Amino acid sequence: MERLQKVIANLGYTSRRKAEELITNGKVKVNGEVVTELGTKVKSTDTIEVENTILDNNKNYEYYLLNKPREVISSVADEHNRKTVVDLIDTSARIYPIGRLDYDTTGAIILTNDGYLANKLMHPSSNIEKKYIAKVSGLVTGYEIKELRAGVIIDGKKTAKAKVDLKKYDKKTDKSLVELIIHEGRNHQVKRMFETIGHDVIKLKREKYANLDLTNLKPGEYRKLSNKEIAILYSLIKK
């Protein structure tokens, strides 16, 4: 048996301190009964409900951050037998990626078997920020940067406002390096945004997903998320 606030935190719902607040405020039920006493111990067979959300206390959730390399599919399996992101993670759990990165796009992607969190993060209403670095053809002008920031039309619908900055322009190669922060997740969105202003994307890397970046992760490497990182992701989907 473990203390209730620790179980809630370990399941990734929120931090232990926040779990304690929820318990004392009467927001937590165990087997249908409100529990307000800190230190209450629960079994793996107990049903825990937090803010009307039932937590799966029997499920051993796993959460990974992968630095996806090029030529890897963001899927569980591939009909053409190409390598997938799941192939790169050493686990027996049935994990799957949250969202997608194109075959030739690299960078941060989360894999988990926590379906609740995955669905919430992928839902458009979550507004999760993703930071990309794009190497594109030609000089991206100040006017074009303003266009991207304000939103461009893709499939008849304007993209949301974005944070966009020109980091570098190489005259010799005639290529620009541009940083974008968006919170939408349309198919091939970043590439198509640049297409609307007349630039081809040569390389694309997602450097950050929500609170998670690629520090100390080389392409193909991964790590488990900490309880604190998982709690932050849960806090983001509740905003």
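In which sense do β15 and strand β16 (residues 212-213) pair, and over how many bridges? The two strands pair in the antiparallel sense, over 2 bridges. This report describes the surroundings of that pairing and then the rest of the chain, as seen in a predicted model.

## Overall architecture

The protein chain contains 6 helices and 17 strands. Along its principal axes, the C-alpha trace spans about 65 × 40 × 35 Å. Of the 239 residues in the chain, 43% are buried.

Contacts across the sequence are a further feature of the chain. Among contacts with a separation of 6 or more, 61% are between residues 24 or more positions apart.

## Strand β15 and its partners

Strand β15 covers residues 201-209 and pairs in the parallel sense with strand β9 (residues 106-112), over 2 bridges. Within this pairing, Thr-106 has Lys-205 of β15 as its bridge partner. Strand β10 (residues 130-137) runs antiparallel to β15 and is joined to it by 7 bridges.

The pairing of β15 with β16 takes the form of a hairpin, with 2 residues between the strands. In the turn, Ala-210 has a positive phi of about 55°. Lys-208 has Asp-213 in β16 as its bridge partner.

## A four-stranded open sheet

Elsewhere in the chain, 4 strands form an open sheet with antiparallel pairing, in the order β3-β2-β5-β6. Strands β3 (33-34) and β6 (53-55) stand at the edges; each has a single partner strand, so one side of each is left without a neighbour in the sheet.

Strand β2 (residues 28-30) runs antiparallel to β3, and 2 bridges join them. Lys-29 has Val-34 in β3 as its bridge partner.

Helix α2 (residues 16-24) has Ala-19, Leu-22 and Ile-23 among its buried residues. These three cover an arc of only 100° around the axis, which puts them on the same side of α2. The cover over the buried residues of α2 includes α1 (4-10), β2 and β5 (48-50). After the helix comes Gly-26, with a positive phi near 75°.

The largest nonpolar core has 34 residues, and Leu-4, Ile-8 and Ile-48 have the most contacts inside it. At least two residues of this core come from each of α1, α2, β2, β5, β7, β9, α3 (115-122) and α6 (227-237). Helix α6 gives the most, with 4 residues. Beyond its neighbours within four places in sequence, Leu-4 is in contact with residues including Ile-23, Val-28, Val-30 and Ile-48. A second, separate core has 28 residues, among them Leu-66, Val-136, Leu-180 and Leu-204. In soluble globular proteins, nonpolar side chains tend to be buried together.

## Helix α4

In helix α4 (residues 142-150), Glu-144, Ile-145 and Leu-148 are buried. Their arc around the axis is only 105°, which puts them on the same side of α4. On the other side of the helix, Tyr-143 and Lys-146 are exposed.

The buried residues of α4 pack against β13 (163-170), β14 (175-182) and α5 (189-196). Helix α4 is followed by Gly-151, which has a positive phi near 110°.

## Aromatic rings

The whole structure holds 3 aromatic pairs. In one of them, the ring centres of Tyr-64 and Tyr-222 are 5.7 Å apart and the planes stand at 80°; the pair is therefore edge-to-face, as this angle is over 60 degrees. The pair links distant parts of the chain, with Tyr-64 in strand β7 (residues 63-68) and Tyr-222 in strand β17 (residues 222-224), 158 residues apart.

Tyr-64 has a relative accessibility of 3% and counts as buried, whereas Tyr-222 is partly exposed, with a relative accessible area of 29%. A further ring is that of Tyr-103, where Arg-82 lies over the face at 5.1 Å from the ring centre.

Technical notes:
Residues are numbered from 1 along each chain as its sequence is written. This is a predicted model: local features need pLDDT of at least 70, side-chain atom pairs count only at pLDDT 80 or more; totals for chains, interfaces and linings use all residues. Side-chain values use heavy atoms; hydrogens and water are left out. Rings of Phe, Tyr and Trp (its six-membered ring) pair if their centres lie within 6.5 Å; planes under 30 degrees apart count as stacked, over 60 as edge-to-face and the rest as tilted. Buried means under 20% relative accessible area, exposed over 50%, partly exposed in between (1.4 Å probe, protein chains only). A charge sits over a ring if NZ of Lys or CZ of Arg is within 6 Å of the ring centre and within 35 degrees of the ring normal. Two strands pair if DSSP finds at least two bridges between them. The arc is that of the directions from the helix axis to the C-beta atoms. Contact means heavy atoms within 4.5 Å. A nonpolar core is a set of buried Ala, Val, Leu, Ile, Met, Phe, Trp, Tyr and Cys residues joined through side-chain atoms within 4.5 Å.
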